[in-house]
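Here is a short briefing for a reader who has not seen this structure before.

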Amino acid sequence: MSEEMTPGDLHGKKGKKPAVPPSEGPGIWMQLAVAFAVFLVLSAGYSAVRKYIESGADEIAISQLANDIRDDKVVSLTVEGDTIKATYKDESEKTSQKEGEAPLTETLARYGLSPEEIAAIKIEIQDQGGARFWFLTLAPLLIPVLLLLGIMWFLSRQVRGAGMQAFTFGRSMARLISPEDTVQKVTFADVAGAKEAKAELAEIVDFLKNPKKFIQIGARIPKGVLLMGAPGTGKTLLARAVAGEAGVPFFSISGSEFVEMFVGVGASRVRDLFQTAKKAAPAIVFMDEIDAVGRVRGSGVGGGNDEREQTLNQILVEMDGFEPNEKVIVMAASNRPDVLDPALLRPGRFDRRVTIDLPDRSDREAILKIHARQKPMGPDTNLMVIAERTPGFSGADLANLMNEAAILAAREDRKEVTQYDLIRSIEKVMLGPERRSHVLNKKEKEITAYHEAGHALIASVLTYADPVHKVSIISRGRAAGYTLKLPLEDRRMQSKLEFLDDIAVSLGGYIAEKMIFNDITTGASNDLQVLSALARDMVTKYGMSDKMGPVALEAAPGRTLFGAGIEPGELSEEVSAAIDSEVKKIVEGAYKRAEDVMKKYRKVLDAIAKQLIEVETIEREEFEKILIAHGIVPKKKEDIEHQPLV
Ligand code: ADP
Ligand code: ZN
Ligand code: MG
């Protein structure tokens, strides 16, 4: 039902952006149906036209015509193919159909006309030439053929558009950004923060600009640079910036594009990519999301994927195959460097590794500034405040935040983005859009209010917990309510005491529900999962349990050892049991402390819950007023800084 979360927590749960499949346009059946309908209309039209051309006059039977001739009503006949046009004395015209190959005179004779009667009529045989003849004869043949050709052309265009590349598979499909392309050009100025990474990459830029300088002195230039970092930290952006700075062509391809539909295509794409790049040298080849092909070979369920292995082998071959003075630099990006095949990381391949961290506060401000460049900012905007409130956000999240704010402003027909737009966007990016339509009934509302009040109270009282920034019972994304905590600082490390308080805070919702309603809802399940996992990590990863001591009992998942994945946790039964009992001890300890706080400050709990039911969302200032009214001193930055080191 509810979760308390810090921006950082949530970040980890968001996977990569889902890849958008290439659009296929309207379905192929739809297109065929349309083609068929067109065909029907055309043929109907054709027969109408034909009728019209042929029946300039009334059509009569040949026997009728013979009778009319006998009665001397007819002046002349014109024969054109099988059609007989008769001109009558009263100047009307009628047509009739001759039968088969027989000459007209013979046909008329058969209908009982005497030779004299026939001779009296002027008969004109017209050659079946002219456009009309050709049209009438050929159209029934030509129209379907033309239609077919048209459909084939149309379909082939669609197929190509759909990215199937039925005619060009094996070609690299690399996207090229040429140095002349000023629209797509990215430079280091477009990348905020990431100072260390930029410094490392400046060297590469230098080499691409003046390769001679390096080659003359006999320096070995790195062939491969691997950019590592969480999703959205700007790896792709940085790679493009290197190309932009150096002014060289930039060939980029994503790992998933190597491995497509046809076996063997991945490898041939790699070959093609490198060939093209060598021709354009100096150039950068960029392989994005390389973990899609570069995973450790020979591990994984059901053996390796042959296609992937061939592709990977081809990459290795190509990287070994070209000389440093070929002036092609291979860059790759991955957010899972831990699963990469060690062969890729060997010297002479991706031996330069550049790590890009999540941005810290000042970097976040700089990134926000970059993305505010194209948007008119109102006078009240203060990007520093926004940067402070967004620890754990990646560059992509911040870009997204700016965009959401602009959308909010545009929706309300304003010309400028205000600070309030930005603040609302933080939560939208972090938790998903508000779901005001998700109405809680009275009882649910009460339970949610006490649950969140429980989290918020514990977080405010315990020393090492992050202070509360906002409490709300408006559901957002998957959470029915939420308590936002914000660390006062950006943190790279966490201590045992902080973990213990975090666990107690996570239990806050559960304990409050139990204490007030003497019942527990499913809303606490996510809290319990999070805190159990945390407690377990404390014991097995961080050496934070006294009994187990300073040993890491579980390898990080996916960690590789000599090219093979090690399976986490083949622990003896006693050790497993000991871990379980330590985890239990940690959680029970936290439970006890949280429960004590809850009992002692029951009045505050009621006050917070009551206000939540009334106004649904409490911001920090209001929240602190409640605390102060009940004698709790809100946490300040200074308090935390003066805490003893543990
Ligand atoms: P990654 O490849 O690491 O997943 P991207 O390079 O695709 O991330 O970043 C996505 C977007 O986020 C970029 O297009 C850019 O708009 C924004 N972004 C990320 N990092 C930065 C940064 N350091 N400075 C400016 N914008 C950034
Ligand atoms: Zn909760
Ligand atoms: Mg990327």
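A194 has a relative accessibility of 19% and therefore counts as buried, where buried means under 20% relative accessible area, exposed means over 50%, and partly exposed lies in between (1.4 Å probe, protein chains only). The model is predicted: local features need pLDDT of at least 70, side-chain atom pairs count only at pLDDT 80 or more, and totals for chains, interfaces and linings use all residues. Residues are numbered from 1 along each chain as its sequence is written, chains are lettered from A and ligands numbered from 1 in the order in which they are written, and side-chain values use heavy atoms, with hydrogens and water left out.

**Backbone angles in loops**

- A194 sits in the loop between β7 (175-177) and α7 (195-209); helices (H or I, at least four residues) and strands (E, at least two) are DSSP runs, numbered from the N terminus.
- The phi angle of A194 is near 45 degrees, which is a positive value in a residue other than glycine.
- D72 also has a positive phi, near 65 degrees, and is likewise a residue other than glycine.
- The loop that holds D72 runs between α3 (62-70) and β3 (74-80).

**Ligand 1**

- Around ligand 1 there are 15 residues, of which A192, G232, K235, T236 and H371 come nearest; a residue is near a molecule or strand if one of its heavy atoms lies within 4 Å of it.
- A nitrogen atom of ligand 1 is 2.8 Å from a backbone N or O atom of A192.
- The side chain of K235 has an N or O atom 2.8 Å from an oxygen atom of ligand 1.
- A polar backbone atom of T233 lies 3.3 Å from an oxygen atom of ligand 1.
- On its own, ligand 1 has 550 Å² of accessible area, and the protein covers 83% of that area; accessible areas come from the Shrake-Rupley method with a 1.4 Å probe, and for residues only the protein chains shown count as cover.
- Elements that give two or more residues to the shell around ligand 1 are α9 (235-246), α15 (361-372) and α17 (395-411).
- Domain 3 (175-356) and domain 4 (361-431) each supply at least three residues to the shell around ligand 1; domain bounds come from an automatic or database domain assignment.
- By class, the shell around ligand 1 holds seven nonpolar, six polar and two charged residues; Ala, Val, Leu, Ile, Met, Phe, Trp, Tyr, Cys and Pro count as nonpolar, Asp, Glu, Lys and Arg as charged, and the others, Gly among them, as polar.

**The zinc ion (ligand 2)**

- H451 (NE2), H455 (NE2) and D527 (OD) coordinate the zinc ion (ligand 2) at 2.0 to 2.1 Å; donors are N, O and S atoms within 2.8 Å of the metal (3.2 Å for Na, K and Ca), and water is not among the atoms, so sites may look incomplete.
- Along the chain, the donors of the zinc ion (ligand 2) follow the spacing H-x3-H-x71-D.
- H455 lies in helix α19 (residues 442-461) and D527 in helix α21 (residues 525-540), so the pair ties together parts that are 72 residues apart in sequence.
- H455 is buried, at a relative accessible area of 0%, and D527 counts as buried at 2% relative accessibility.

- D291 belongs to helix α12 (residues 291-294) and counts as buried at 9% relative accessibility.
- The side chains of D291 and S334 are joined by a polar contact of 3.0 Å; a polar contact is a pair of N or O atoms within 3.5 Å, and within protein one must be able to donate a hydrogen and the other to accept it, while residues adjacent in sequence count only if both atoms are side-chain atoms.
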